[in-house]
2 protein chains.
Amino acid sequence: MTDERRAAALEHLMTVGRQHSMVTVMFHSAIAAKQGLNATEEKTLDVLQRRGPLTAKDLAEHTGLAPASVTGMLDRLQAKGFVRRVKHPTDKRRVLVELDETRLAELAVFFEEWARDIVRACEEFDAQELETVNRFLEVMTEAQSRATARLTG
Amino acid sequence: MTDERRAAALEHLMTVGRQHSMVTVMFHSAIAAKQGLNATEEKTLDVLQRRGPLTAKDLAEHTGLAPASVTGMLDRLQAKGFVRRVKHPTDKRRVLVELDETRLAELAVFFEEWARDIVRACEEFDAQELETVNRFLEVMTEAQSRATARLTG
DNA sequence: GTAGTTAGTTCGTCCGAACGAAATATTTGT
DNA sequence: ACAAATATTTCGTTCGGACGAACTAACTAC
(Lines give C-alpha, C1' and ligand atoms only; values in the text may rest on other atoms or scores of the structure.)
Protein backbone atom coordinates (compact mmCIF):
# COMPACT_ATOMS: atom_id res chain seq x y z
CA MET A 1 0.00 0.00 0.00
CA THR A 2 2.62 2.50 1.09
CA ASP A 3 4.94 0.85 -1.41
CA GLU A 4 2.41 1.54 -4.08
CA ARG A 5 2.04 5.13 -3.06
CA ARG A 6 5.78 5.56 -3.02
CA ALA A 7 6.14 4.01 -6.47
CA ALA A 8 3.55 6.42 -7.82
CA ALA A 9 5.37 9.37 -6.28
CA LEU A 10 8.64 8.18 -7.74
CA GLU A 11 7.20 7.87 -11.19
CA HIS A 12 5.65 11.30 -10.90
CA LEU A 13 9.02 12.63 -9.83
CA MET A 14 10.51 11.62 -13.17
CA THR A 15 8.02 13.74 -15.06
CA VAL A 16 8.12 16.66 -12.69
CA GLY A 17 11.89 16.55 -12.45
CA ARG A 18 12.22 16.61 -16.19
CA GLN A 19 9.99 19.65 -16.48
CA HIS A 20 11.87 21.38 -13.72
CA SER A 21 15.19 20.72 -15.44
CA MET A 22 13.78 22.12 -18.64
CA VAL A 23 12.64 25.43 -17.19
CA THR A 24 15.87 25.71 -15.20
CA VAL A 25 17.87 25.48 -18.40
CA MET A 26 15.55 27.93 -20.13
CA PHE A 27 15.80 30.37 -17.25
CA HIS A 28 19.55 30.13 -17.33
CA SER A 29 19.84 30.82 -21.02
CA ALA A 30 17.31 33.63 -20.78
CA ILE A 31 19.53 35.36 -18.25
CA ALA A 32 22.58 34.82 -20.44
CA ALA A 33 20.80 36.19 -23.48
CA LYS A 34 19.63 39.22 -21.52
CA GLN A 35 23.22 40.04 -20.64
CA GLY A 36 24.51 39.38 -24.13
CA LEU A 37 26.75 36.54 -23.04
CA ASN A 38 27.54 33.37 -24.93
CA ALA A 39 28.10 29.98 -23.34
CA THR A 40 31.87 30.36 -23.11
CA GLU A 41 31.67 33.75 -21.48
CA GLU A 42 29.17 32.51 -18.96
CA LYS A 43 31.30 29.55 -18.08
CA THR A 44 34.23 31.86 -17.52
CA LEU A 45 32.25 34.12 -15.21
CA ASP A 46 31.03 31.09 -13.33
CA VAL A 47 34.55 29.79 -12.81
CA LEU A 48 35.71 33.20 -11.63
CA GLN A 49 32.80 33.40 -9.21
CA ARG A 50 33.68 30.09 -7.62
CA ARG A 51 37.47 30.16 -7.70
CA GLY A 52 38.17 33.84 -7.36
CA PRO A 53 40.64 35.81 -9.51
CA LEU A 54 42.52 33.59 -11.97
CA THR A 55 45.19 34.04 -14.60
CA ALA A 56 44.42 33.74 -18.29
CA LYS A 57 46.24 30.44 -18.30
CA ASP A 58 44.05 29.06 -15.53
CA LEU A 59 41.01 30.14 -17.48
CA ALA A 60 42.33 28.46 -20.60
CA GLU A 61 42.57 25.21 -18.69
CA HIS A 62 39.15 25.52 -17.10
CA THR A 63 37.38 26.41 -20.31
CA GLY A 64 39.42 24.24 -22.65
CA LEU A 65 40.16 27.21 -24.92
CA ALA A 66 43.40 28.01 -26.72
CA PRO A 67 45.41 30.90 -25.26
CA ALA A 68 44.56 33.15 -28.18
CA SER A 69 40.88 32.43 -27.70
CA VAL A 70 41.08 33.35 -24.03
CA THR A 71 42.58 36.71 -24.93
CA GLY A 72 39.72 37.39 -27.32
CA MET A 73 37.09 36.32 -24.84
CA LEU A 74 38.57 38.42 -22.05
CA ASP A 75 38.56 41.41 -24.41
CA ARG A 76 34.86 40.88 -24.94
CA LEU A 77 34.06 40.37 -21.27
CA GLN A 78 36.10 43.43 -20.36
CA ALA A 79 34.39 45.55 -23.01
CA LYS A 80 31.04 44.51 -21.59
CA GLY A 81 32.25 45.42 -18.12
CA PHE A 82 32.08 41.99 -16.53
CA VAL A 83 35.75 41.54 -15.73
CA ARG A 84 38.97 43.50 -15.20
CA ARG A 85 42.55 42.61 -16.02
CA VAL A 86 44.78 43.45 -13.07
CA LYS A 87 48.50 42.97 -12.75
CA HIS A 88 49.77 39.93 -10.98
CA PRO A 89 51.46 40.89 -7.69
CA THR A 90 54.66 38.88 -8.23
CA ASP A 91 54.82 37.82 -11.87
CA LYS A 92 54.54 40.60 -14.43
CA ARG A 93 53.98 38.20 -17.31
CA ARG A 94 50.73 37.02 -15.87
CA VAL A 95 47.35 38.67 -16.03
CA LEU A 96 44.91 38.25 -13.21
CA VAL A 97 41.28 38.35 -14.20
CA GLU A 98 38.75 39.40 -11.63
CA LEU A 99 35.02 40.02 -11.67
CA ASP A 100 33.68 43.56 -11.85
CA GLU A 101 31.56 44.03 -8.73
CA THR A 102 29.50 46.90 -10.08
CA ARG A 103 28.28 44.74 -12.93
CA LEU A 104 27.48 41.96 -10.51
CA ALA A 105 25.58 44.37 -8.33
CA GLU A 106 23.28 45.18 -11.23
CA LEU A 107 22.68 41.49 -11.60
CA ALA A 108 22.02 41.17 -7.90
CA VAL A 109 19.13 43.59 -8.18
CA PHE A 110 17.46 41.30 -10.61
CA PHE A 111 18.16 38.23 -8.54
CA GLU A 112 16.69 39.80 -5.45
CA GLU A 113 13.38 40.20 -7.17
CA TRP A 114 13.61 36.63 -8.28
CA ALA A 115 14.51 35.45 -4.78
CA ARG A 116 11.45 37.19 -3.33
CA ASP A 117 9.35 35.33 -5.86
CA ILE A 118 10.91 32.07 -4.76
CA VAL A 119 10.36 32.81 -1.10
CA ARG A 120 6.73 33.57 -1.77
CA ALA A 121 6.37 30.34 -3.71
CA CYS A 122 7.78 28.51 -0.70
CA GLU A 123 5.25 29.86 1.75
CA GLU A 124 3.19 26.74 1.54
CA PHE A 125 6.07 24.62 2.88
CA ASP A 126 6.85 24.30 6.57
CA ALA A 127 10.31 23.91 8.12
CA GLN A 128 10.37 20.15 7.99
CA GLU A 129 9.25 20.05 4.39
CA LEU A 130 11.89 22.55 3.35
CA GLU A 131 14.50 20.45 5.07
CA THR A 132 13.33 17.42 3.13
CA VAL A 133 13.56 19.42 -0.08
CA ASN A 134 17.06 20.56 0.78
CA ARG A 135 18.17 17.04 1.45
CA PHE A 136 16.67 15.96 -1.85
CA LEU A 137 18.34 18.71 -3.83
CA GLU A 138 21.68 17.86 -2.27
CA VAL A 139 21.35 14.20 -3.16
CA MET A 140 20.27 15.11 -6.67
CA THR A 141 23.08 17.59 -7.16
CA GLU A 142 25.50 14.83 -6.27
CA ALA A 143 23.90 12.36 -8.67
CA GLN A 144 23.74 14.85 -11.55
CA SER A 145 27.30 15.80 -10.92
CA ARG A 146 28.39 12.18 -11.21
CA ALA A 147 26.34 11.71 -14.36
CA THR A 148 27.91 14.78 -15.94
CA ALA A 149 31.39 13.59 -15.08
CA ARG A 150 30.56 10.22 -16.62
CA LEU A 151 29.58 11.95 -19.83
CA THR A 152 32.41 14.45 -19.98
CA GLY A 153 35.35 12.36 -18.88
CA MET B 1 11.58 28.57 17.33
CA THR B 2 10.01 26.75 14.44
CA ASP B 3 10.08 30.04 12.59
CA GLU B 4 13.80 30.20 13.13
CA ARG B 5 14.28 26.70 11.91
CA ARG B 6 12.20 27.43 8.86
CA ALA B 7 14.17 30.60 8.11
CA ALA B 8 17.39 28.64 8.28
CA ALA B 9 16.02 26.00 5.93
CA LEU B 10 14.86 28.67 3.50
CA GLU B 11 18.23 30.31 3.45
CA HIS B 12 19.92 27.00 2.93
CA LEU B 13 17.53 26.35 0.08
CA MET B 14 18.89 29.34 -1.78
CA THR B 15 22.40 27.94 -1.75
CA VAL B 16 21.40 24.39 -2.46
CA GLY B 17 18.98 25.44 -5.17
CA ARG B 18 21.66 27.45 -6.88
CA GLN B 19 24.06 24.54 -6.90
CA HIS B 20 21.37 22.25 -8.17
CA SER B 21 20.56 24.64 -11.01
CA MET B 22 24.21 24.81 -11.89
CA VAL B 23 24.73 21.07 -12.24
CA THR B 24 21.43 20.74 -14.05
CA VAL B 25 22.62 23.19 -16.68
CA MET B 26 25.99 21.48 -16.88
CA PHE B 27 24.38 18.08 -17.24
CA HIS B 28 22.17 19.40 -19.98
CA SER B 29 24.99 20.89 -22.00
CA ALA B 30 27.11 17.77 -21.49
CA ILE B 31 24.37 15.71 -23.11
CA ALA B 32 24.08 18.16 -25.96
CA ALA B 33 27.83 18.16 -26.52
CA LYS B 34 27.89 14.37 -26.47
CA GLN B 35 25.34 14.29 -29.27
CA GLY B 36 27.02 17.03 -31.26
CA LEU B 37 24.08 19.38 -31.00
CA ASN B 38 24.15 23.14 -30.63
CA ALA B 39 21.64 25.16 -28.63
CA THR B 40 19.36 25.84 -31.58
CA GLU B 41 19.20 22.23 -32.62
CA GLU B 42 18.43 21.15 -29.09
CA LYS B 43 15.66 23.66 -28.76
CA THR B 44 14.15 22.40 -31.99
CA LEU B 45 14.21 18.79 -30.82
CA ASP B 46 12.67 19.84 -27.55
CA VAL B 47 9.83 21.64 -29.28
CA LEU B 48 9.21 18.65 -31.52
CA GLN B 49 9.16 16.36 -28.53
CA ARG B 50 6.52 18.38 -26.78
CA ARG B 51 4.33 19.49 -29.68
CA GLY B 52 4.71 16.61 -32.06
CA PRO B 53 5.44 16.93 -35.81
CA LEU B 54 5.55 20.55 -36.94
CA THR B 55 6.08 22.39 -40.19
CA ALA B 56 9.24 24.34 -40.90
CA LYS B 57 7.24 27.53 -40.49
CA ASP B 58 6.07 26.50 -37.03
CA LEU B 59 9.65 25.76 -36.08
CA ALA B 60 10.74 29.14 -37.40
CA GLU B 61 8.25 30.79 -35.07
CA HIS B 62 9.18 28.69 -32.07
CA THR B 63 12.90 29.14 -32.50
CA GLY B 64 12.85 32.72 -33.76
CA LEU B 65 14.95 31.76 -36.77
CA ALA B 66 14.58 33.04 -40.33
CA PRO B 67 13.07 30.54 -42.80
CA ALA B 68 16.41 30.07 -44.54
CA SER B 69 18.05 29.27 -41.22
CA VAL B 70 15.44 26.67 -40.42
CA THR B 71 16.16 24.92 -43.70
CA GLY B 72 19.84 24.78 -42.87
CA MET B 73 19.26 23.57 -39.35
CA LEU B 74 16.87 20.84 -40.51
CA ASP B 75 19.48 19.72 -43.02
CA ARG B 76 21.92 19.33 -40.17
CA LEU B 77 19.48 17.55 -37.87
CA GLN B 78 18.45 15.26 -40.68
CA ALA B 79 22.06 14.47 -41.59
CA LYS B 80 22.69 13.55 -37.96
CA GLY B 81 19.61 11.36 -38.02
CA PHE B 82 17.53 13.19 -35.43
CA VAL B 83 14.61 14.22 -37.63
CA ARG B 84 12.86 13.32 -40.87
CA ARG B 85 11.12 15.52 -43.40
CA VAL B 86 7.79 13.97 -44.37
CA LYS B 87 5.23 15.32 -46.77
CA HIS B 88 2.28 17.18 -45.39
CA PRO B 89 -0.95 15.21 -45.91
CA THR B 90 -2.99 18.05 -47.41
CA ASP B 91 -0.62 20.89 -48.33
CA LYS B 92 2.25 19.95 -50.63
CA ARG B 93 4.06 23.21 -50.03
CA ARG B 94 4.61 22.39 -46.40
CA VAL B 95 7.17 20.13 -44.86
CA LEU B 96 6.38 18.23 -41.72
CA VAL B 97 9.31 17.57 -39.47
CA GLU B 98 9.15 14.63 -37.13
CA LEU B 99 11.56 13.06 -34.71
CA ASP B 100 13.49 9.95 -35.67
CA GLU B 101 12.52 7.29 -33.13
CA THR B 102 15.57 5.12 -33.66
CA ARG B 103 17.84 7.99 -32.67
CA LEU B 104 15.71 8.70 -29.64
CA ALA B 105 15.84 5.05 -28.67
CA GLU B 106 19.64 5.26 -28.49
CA LEU B 107 19.24 8.23 -26.20
CA ALA B 108 16.71 6.33 -24.12
CA VAL B 109 19.32 3.69 -23.32
CA PHE B 110 21.48 6.32 -21.77
CA PHE B 111 18.62 7.89 -19.88
CA GLU B 112 17.59 4.56 -18.42
CA GLU B 113 20.95 4.21 -16.78
CA TRP B 114 20.62 7.73 -15.52
CA ALA B 115 17.08 7.06 -14.22
CA ARG B 116 18.31 4.02 -12.27
CA ASP B 117 20.90 6.24 -10.65
CA ILE B 118 18.21 8.72 -9.69
CA VAL B 119 15.96 6.02 -8.28
CA ARG B 120 18.81 4.70 -6.19
CA ALA B 121 19.56 8.20 -4.93
CA CYS B 122 15.91 8.48 -3.89
CA GLU B 123 15.94 5.37 -1.77
CA GLU B 124 16.39 7.38 1.37
CA PHE B 125 13.08 9.19 0.83
CA ASP B 126 9.73 7.71 1.80
CA ALA B 127 6.45 8.20 0.00
CA GLN B 128 5.40 11.28 1.89
CA GLU B 129 8.76 12.95 1.41
CA LEU B 130 8.74 12.28 -2.31
CA GLU B 131 5.29 13.80 -2.52
CA THR B 132 6.57 16.89 -0.78
CA VAL B 133 9.45 17.07 -3.23
CA ASN B 134 7.08 16.73 -6.16
CA ARG B 135 4.91 19.50 -4.88
CA PHE B 136 7.97 21.68 -4.42
CA LEU B 137 9.29 21.01 -7.89
CA GLU B 138 5.92 21.84 -9.39
CA VAL B 139 5.74 25.11 -7.54
CA MET B 140 9.29 25.96 -8.54
CA THR B 141 8.73 25.05 -12.15
CA GLU B 142 5.84 27.48 -12.20
CA ALA B 143 7.88 30.25 -10.61
CA GLN B 144 10.89 29.74 -12.89
CA SER B 145 8.60 29.68 -15.86
CA ARG B 146 7.13 33.03 -14.89
CA ALA B 147 10.57 34.49 -14.29
CA THR B 148 11.76 33.32 -17.69
CA ALA B 149 8.73 34.81 -19.37
CA ARG B 150 9.38 38.08 -17.56
CA LEU B 151 12.91 38.11 -18.95
CA THR B 152 12.10 37.02 -22.46
CA GLY B 153 8.92 38.97 -23.17
C1' DG C 1 74.43 37.32 -17.95
C1' DT C 2 72.79 34.41 -21.24
C1' DA C 3 69.81 30.58 -22.82
C1' DG C 4 65.67 28.54 -22.36
C1' DT C 5 60.97 28.57 -20.60
C1' DT C 6 56.53 30.59 -19.67
C1' DA C 7 52.41 34.01 -20.10
C1' DG C 8 49.91 36.59 -22.88
C1' DT C 9 48.86 39.19 -27.21
C1' DT C 10 48.60 39.98 -32.21
C1' DC C 11 47.63 38.57 -36.73
C1' DG C 12 45.79 36.06 -40.44
C1' DT C 13 42.62 32.44 -41.25
C1' DC C 14 38.84 29.36 -41.06
C1' DC C 15 34.31 27.49 -40.12
C1' DG C 16 29.56 27.12 -38.48
C1' DA C 17 25.50 29.29 -38.44
C1' DA C 18 22.73 33.05 -39.24
C1' DC C 19 20.64 36.30 -42.70
C1' DG C 20 18.11 38.58 -46.93
C1' DA C 21 16.76 38.21 -51.55
C1' DA C 22 15.47 35.60 -55.28
C1' DA C 23 13.66 31.29 -57.06
C1' DT C 24 10.28 27.40 -56.97
C1' DA C 25 6.18 25.02 -55.97
C1' DT C 26 1.66 25.05 -54.35
C1' DT C 27 -2.58 26.83 -52.55
C1' DT C 28 -6.23 30.35 -52.14
C1' DG C 29 -9.32 33.88 -53.67
C1' DT C 30 -12.16 35.95 -57.06
C1' DA D 1 -8.31 30.58 -65.04
C1' DC D 2 -5.32 33.79 -63.21
C1' DA D 3 -3.40 36.83 -59.67
C1' DA D 4 -1.93 37.10 -55.10
C1' DA D 5 -0.46 34.81 -51.13
C1' DT D 6 2.14 31.14 -48.70
C1' DA D 7 5.89 27.51 -47.66
C1' DT D 8 10.26 26.17 -48.42
C1' DT D 9 14.76 26.05 -50.67
C1' DT D 10 18.87 27.97 -52.90
C1' DC D 11 22.46 31.16 -53.16
C1' DG D 12 25.69 34.54 -51.88
C1' DT D 13 27.14 37.03 -47.93
C1' DT D 14 28.34 38.21 -43.37
C1' DC D 15 29.75 37.76 -38.63
C1' DG D 16 31.27 35.81 -34.23
C1' DG D 17 34.32 33.02 -32.22
C1' DA D 18 37.67 29.60 -32.43
C1' DC D 19 42.44 28.31 -33.93
C1' DG D 20 47.82 28.06 -34.87
C1' DA D 21 51.99 30.52 -35.54
C1' DA D 22 54.75 34.18 -34.72
C1' DC D 23 55.92 37.83 -31.44
C1' DT D 24 56.92 40.31 -27.00
C1' DA D 25 57.82 40.54 -22.28
C1' DA D 26 59.26 38.55 -18.17
C1' DC D 27 60.81 34.97 -15.23
C1' DT D 28 64.16 30.90 -14.10
C1' DA D 29 68.24 28.21 -14.09
C1' DC D 30 72.81 27.50 -14.63
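Guide: This is a predicted model, and in chain A 3 strands form an open sheet with antiparallel pairing, in the order 1-3-2. Strand 1 (54-55) and strand 2 (83-87) of chain A are at the edges and each has a single partner strand, so one side of each is left without a neighbour in the sheet.

Visitor: How many bridges hold strand 1 of chain A to strand 3 of chain A?

Guide: Strand 1 of chain A pairs with strand 3 (residues 95-99) of chain A over 2 bridges, in the antiparallel sense, and within that pairing A:Thr55 has A:Leu96 in strand 3 of chain A as its bridge partner.

Visitor: And which helices pack on that sheet?

Guide: Helix 2 (residues 39-51) of chain A packs on the sheet and touches strand 1, strand 2 and strand 3 of chain A, with its direction at about 90° to that of strand 3 of chain A. Helix 4 of chain A also packs on the sheet, touching strand 2 and strand 3 of chain A, and its direction makes about 115° with that of strand 2 of chain A.

Visitor: OK, over to chain B. Which strands are joined to strand 3 of chain B?

Guide: Strand 1 (residues 54-55) of chain B runs antiparallel to strand 3 (residues 95-99) of chain B and is joined to it by 2 bridges, with B:Thr55 partnered by B:Leu96. Strand 2 (residues 83-87) of chain B is also antiparallel to strand 3 of chain B, joined by 5 bridges, and there B:Lys87 has B:Val95 as its bridge partner.

Visitor: Now the DNA. Which residues come nearest to DNA strand D?

Guide: There are 21 residues around DNA strand D, and those that come nearest are A:Thr40, A:Ser69, A:Lys92, B:Lys57 and B:Arg93.

Visitor: What classes of residue make up the surface near DNA strand D?

Guide: By class that surface has 7 nonpolar, 6 polar and 8 charged residues. Helix 4 (67-79) of chain A, helix 3 (56-63) of chain B and helix 4 (67-79) of chain B each supply at least two residues of it.

How values were computed: Residues numbered from 1 in each chain as written. Chains lettered and ligands numbered in written order. Predicted model: local features only at pLDDT ≥ 70, side-chain atom pairs only at ≥ 80, totals over all residues. Heavy atoms only, no water. Near = heavy atom within 4 Å. Helix = DSSP H or I, 4+ residues; strand = E, 2+ residues; numbered from the N terminus. Nonpolar A, V, L, I, M, F, W, Y, C, P; charged D, E, K, R; others polar. Pairing = 2+ DSSP bridges. Contact = heavy atoms within 4.5 Å. Axes fitted to C-alpha atoms, helices over the stretch in contact; angles between N-to-C directions.
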